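Dear colleague,

I am handing over the structure below. Some notes on what was found in it follow.

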Amino acid sequence: MKTPNLVEARKRTKNPVEVLTDNYKLTEELKKLGLNKAYFIKTYGCQMNEHDTENIKAILEDMNFHEVDKMEDADLILLNTCAIRENAHNKVFGMIGRIKHLKETKPHTIAGICGCMAQEEVVVDEILNKYNWLDIVFGTHNIHNLPNILATSLAKKELEIEVLSIEGDVIENIPVKRDSLYKAWINIMYGCDKFCTYCIVPYTRGKQRSRMPEFIIEEAQNLVNEGYQEITLLGQNVNAYGKDLDINYCMENLLEDVAKTGINRIRFVTSHPWDFTDKMIEVIKNNDNIMPYIHLPIQSGSNKILKLMGRRYSRESYLELYNKIKLAIPNVSITTDIIVGFPGETEEDFEETLDIVNSCKFDSAFTFIFSKRFGTPAAKMVDDVSLEIKNKRLQELNELVNNYSNLANQKYLNKIVPVLLEGSSEKGENTLFGYTDTMKMVNVKTDKTNIGKIVNVKITDVKTWSLDGEICN
Ligand code: SAM
Ligand code: SF4
């Protein structure tokens, strides 16, 4: 049993990162473990978790498990969890309650927790105290070892916990079962060294480790050859890509090289304002297959709060970057993340957040109430904003953000835009949904033969969160 340790998780050394290319191996015995058994996996949180789930699915299918969509039909249930906010925690513990109920009627069911919550010392302590009927717990660093963890738990008939609190390595040969035939995620880096004071990610995902460019480009080229239309490069801080490698190669180089593979669409998330270079803006502007869409979290409009958050930029430098991007790439869509109710946030600080939203007129924003994460510096700050005020601020901010989302969408009325059609829309018969190059969701009346194609669409109606349109030749 290996349990997580907060002190170890926050350590950063200058030790080189190991790149392991043959760490995932299956014996014949492990390959038989899932024969005639079904698995169900539920994923919480960000795209990185979604992509980890694609790896977990492929591993389970290598072991001959097959996927089912209903938890009740599964022999193995896994929750791939998110630790970013309290409500993500609560949802998982609610689900664990349901699984317990199921296990009472179907005792052979194997149940496990993985992902970011599994990396938290407090969560694993709680599991050991209250939920030790679970079968497996594993973290974000050792997904490749899932077959052995599962085999050990089954052999011992007891809870097997294997969570490593390490800086982490880069494992290159984990298989993947992609959810889509048209859009794919590629991890370009793991972990984060920014240590924003509110954020748990540097503790749950380890130190920043960029993948070597040749592995990323090869993965992108294979996707092009398989007919994929869109690639999203993933990392907590994508524009810091390469800073930890000793090869003088950074995000702008990677973007250019991935663009050369000929993939139709390249996206990247998430960009931290601190590492966004002029060269990167130029590369995005000069390559038609790099999409004019940038998610650029601001978090707060108050310099005092930004400093307390440890964000390393000011409202002025954010605005300067924002305007530079807008000027260079006129049709760019910029979205953001904002936290309200951070410790010490006064009415004036909040007004400054509203003010910067009024200046930037973001295409959209994810807005959150500050959530105390155990072990982070902000958890020790005095949480002096009442829940009532936090809710009031969130509501006011959402109204403003929605207003600008609607205005940004209005600009699309009667325009012709390229849309990658992804699948059936909930908006009715013979309607597909897809996204513009600028990441606007569009519902298009057309038949399923167009799924997976990039088509020109004339926008006929505009709503706050989506557009309607028809295909035009
Ligand atoms: N790496 C990205 C960045 O630096 O902007 C974001 C990663 S995080 C998964 C996504 C968003 O969750 C953050 O931008 C932040 O707005 C929000 N978030 C993170 N920790 C939070 C906390 N403790 N309370 C509330 N929101 C939080
Ligand atoms: Fe968290 Fe900050 Fe790293 Fe983003 S940059 S993952 S918010 S610590």
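Glu348, Glu351, Glu396 and Glu399 form a negative surface patch. A patch is made of residues with over 30% relative accessible area and no salt bridge, like charges being joined within 9 Å; a salt bridge is a side-chain nitrogen of Lys or Arg within 4 Å of a carboxyl oxygen of Asp or Glu. Asp and Glu count as negative, and the place of a Glu charge is taken as CD.

This is a predicted model, in which local features need pLDDT of at least 70 and side-chain atom pairs count only at pLDDT 80 or more, while totals for chains, interfaces and linings use all residues. Residues are numbered from 1 along each chain as its sequence is written, and side-chain values use heavy atoms, without hydrogens and water.

Helix 13 (347-360) and helix 14 (387-410) each supply at least two residues of the patch; helices (H or I, at least four residues) and strands (E, at least two) are DSSP runs numbered from the N terminus. Glu396 lies in helix 14. Its relative accessible area of 34% makes Glu396 partly exposed, that is, between buried (under 20%) and exposed (over 50%), with a 1.4 Å probe and protein chains only.

There is also an open sheet of six strands, paired in parallel in the order 3-2-4-5-6-7. Strand 3 (66-67) and strand 7 (160-162) are at the edges with a single partner strand each, so one side of each has no neighbour in the sheet. Pairing requires at least two DSSP bridges between two strands. Strand 2 (residues 38-43) and strand 4 (residues 76-81) have five, and Thr43 has Asn80 in strand 4 as its bridge partner.

Lastly, Val258 is in helix 9 (residues 251-260) and is buried, at 0% relative accessibility.

Regards

Terms used: Chains are lettered from A and ligands numbered from 1 in the order in which they are written. Patches are made of residues with over 30% relative accessible area and no salt bridge: like charges are joined within 9 Å, nonpolar side chains (Val, Leu, Ile, Met, Phe, Trp, Tyr) within 5 Å. Accessible areas come from the Shrake-Rupley method with a 1.4 Å probe; for residues, only the protein chains shown count as cover.
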